Amino acid sequence: MCGIVGYIGEKNATPIILNGLKKLEYRGYDSAGLAVLTNGHIEVRRDAGKLKNLEQLIMEMPVSGKMGIGHTRWATHGEPTARNAHPHLSSSGEVVVVHNGIVENFIELKEELLADGLKFQSDTDTETIVLLVEKYLKGVNDLETAVRKTLERLKGAHGIVVFSAKEPDKIIAARIGNAGGVVIGLGEGENYIASDIPAILEHTRKLIFLESRQMAIVTKEKIEVSTIEGKPLAPQISSVAWDPISAEKGEYRHFMQKEIHEQVRSLTDTLAGRVDFEEGRIRLPQLNLTAEQANDIQKIILTACGTASYAGMVGRILIERIARIPAMLEIASEFRYSDPIVDEKTTVLAISQSGETADTLAAMEEARKKGAKLWSIVNAIGSQAMRIADGYISMQTGPEIGVASTKAFTAPLVDLYMLAILLADLRGTITPEYRKQLVDDLRLVPELAGRCLDRESEVEETARLLKDTRDMLFLGRGINMPIAFEGALKLKEISYIHAEAYAAGEMKHGPIALIDKDMPVLAIAIKDPWYEKMISQIEQAKARGGIVVAVATEGDERVASLVDRVLWVPEVPWMLSPVITVIPLQILAYHIASLRGLDIDQPRNLAKSVTVE
Ligand code: AGP
């Protein structure tokens, strides 16, 4: 969950690393630090808290050099203090390391190193790595061998970058398991290392992604990739097309606000090249799906975490309704502990913005072990979830920086709808007329999303009404039930208001006891097949004195007359409605958090991609 940047070349590494860390701060903001090689020795600057503290420190104590590494931390072992901030130096000051992951055998290694007489200067598990390198260097005297020996000793998943003052021509990067990515960026007479592409995108589009148990020796002239055991590998160079501008905030106050507004474009992009409106057909070439394979599928298990899992809940409904294939959603963090019934007739579909979420990758690995076919819907190009799948759908939304996921929620809803149509088409279970109608409906989506965005100021007024509430209930039914969950999650994670979501029909079985004047209810009551039932639910809440805010279809006077406030959305075919109904909920959470003066893009305790289990 931490961010890593490295540079080797002829330029000053400090601003390159600081800039890269800025792009990665969403990955962790407990502390930040960098180490550069200056006149033959390693200089470290690090501080607790956000990157601006490190920038201030560097202004007071400038440091420069032609190679260096930097880190932004999401604390696991050891408090978020300056002493525990990365990079960590060996006791001699000769070697320095930054690390993403957890050394699972840290206690055992620490005892061994203490017994060898080595001293720890932090409470982190990472320090065992640099002290092990130091220990092995005494025997072998070359960094590469010492790093290989160290990597062999570590349990758990890791991304590690290390260099030594005695070998000033190289930085070594390694990846073990799924603690986040390690990507090498190729330049001219210079090279870059990062945990995530946005950190180095302004410098290069040519990238090498390390797989698990691979290591790269990076000099300014070349990159050598090998297995940790030392077998040389021919690295595959990929090119990425992401626009670096989309990783900037632009005129918006927060990335979240910008990303909410980007949805017209991101929804247009996710349709681009995949929808043939003439023929009424869907094309998803990266899924590598044939009619024979489609006919072979007996069950689809969707798996994901957090917001992505709510997209999966919607996807489950779409796949069953449109493709008539049995589908279920299993939360990724539970998947591998549930002894899932999975075989070669099962397809497991993982959904992940980052493509690096440890729980989701673990679920994919479990599915693979059991013989399932693996698909993924992923945003981060080149991420692990994209690479290990048999086929994938790319979200095509560009980088999402705000910790609260928005555009990477609506894009997969559309991807899942398209997937359901494609499956039905390949299995011959849909009439051409119905297929054409479903495909035609997609045409409306970006424009309808835009109409929701035009109503931002109305939603902001409702935010003023709700900003001081302590609790809130979100209710939905059918395909909009997952949107109630997503609306509640958005509110919780950025405004710290306690919010709970229920399938509205469940209220009468217990939670209705919570409703009084201090418990506002948000009900999604658009003109969909569950409309009448939602009206009853609203009436029940009103009868108990609750303040009710409804998401309703434009012009619906019946709902308007029942509730305290309405968040209007345009009329939309019900199977695509989640893409639209979620937008006012994203805006509402954003403005409530903004009115409460909170740190919207970097909410407390969270990180953008969760690479620990
Ligand atoms: C969303 O707002 C969250 N911050 C979080 O739930 C997120 O969706 C989840 O951690 C999954 O991430 P992924 O899509 O990168 O796998």
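Helices here are DSSP runs of H or I with at least four residues, strands are E runs of at least two, and both are numbered from the N terminus. The model shown is predicted.

View 1. R324 sits in the loop between α9 and β19 (327-331). Its phi is positive, at about 55°. Yet R324 is not a glycine. Most residues other than glycine have a negative phi.

**View 2. A cis peptide bond joins H86 and P87.** The omega angle of this bond is about -5°. Most peptide bonds are trans. P87 is found in the loop between β4 (67-73) and β5 (88-89).

**View 3. Domain 2 meets domain 3.** The protein splits into domain 1 (3-246), domain 2 (249-452) and domain 3 (455-595). Taken over C-alpha atoms, the centres of domain 2 and domain 3 are 25 Å apart. How many residues of each domain take part in the contact? Domain 2 brings 36 residues and domain 3 brings 31. The size of an interface is often given as the accessible area lost when the parts come together. Between domain 2 and domain 3, the buried area is about 2900 Å². Carbon and sulfur atoms give 73% of that area. Three residues stand out on the domain 2 side: Y310, R451 and C452. Together they supply 21% of the area that domain 2 buries against domain 3, more than any other three residues.

**View 4. R451 pairs with E554 in a salt bridge.** Side chains of opposite charge can pair when their charged atoms come close. Here the closest N and O atoms are 2.8 Å apart. The count of salt bridges between domain 2 and domain 3 is 1. Polar contacts also cross this interface, with 12 residue pairs found.

View 5. The largest share comes from α9, with 9 residues. By type, the residues on this side of domain 2 divide into 23 nonpolar, 9 polar and 4 charged.

**View 6. The ligand is surrounded by 14 residues.** The closest are S352, Q353, S354, T357 and E493. T357 places a polar side-chain atom 2.5 Å from an oxygen atom of the ligand. K490 also has a polar side-chain atom by a ligand oxygen, at 3.0 Å. Does S405 use a backbone atom or a side-chain atom? S405 uses a polar backbone atom, 2.8 Å from an oxygen atom of the ligand.

**View 7. K220 and E10 form a salt bridge.** The closest N and O atoms of K220 and E10 are 2.3 Å apart. This pair links distant parts of the chain, 210 residues apart. K220 lies in the loop between β12 (214-218) and β13 (223-227). E10 lies in the loop between β1 (3-8) and α1 (13-24). In the whole structure, a search finds 49 salt bridges.

Conventions:
Residues are numbered from 1 along each chain as its sequence is written. This is a predicted model: local features need pLDDT of at least 70, side-chain atom pairs count only at pLDDT 80 or more; totals for chains, interfaces and linings use all residues. Side-chain values use heavy atoms; hydrogens and water are left out. Domain bounds come from an automatic or database domain assignment. Contact means heavy atoms within 4.5 Å. Buried area is the accessible area (1.4 Å probe) that two parts lose on being put together, summed over both. A salt bridge is a side-chain nitrogen of Lys or Arg within 4 Å of a carboxyl oxygen of Asp or Glu. A polar contact is a pair of N or O atoms within 3.5 Å; within protein, one must be able to donate a hydrogen and the other to accept it, and residues adjacent in sequence count only if both atoms are side-chain atoms. Ala, Val, Leu, Ile, Met, Phe, Trp, Tyr, Cys and Pro count as nonpolar, Asp, Glu, Lys and Arg as charged, and the others, Gly among them, as polar. A residue is near a molecule or strand if one of its heavy atoms lies within 4 Å of it.
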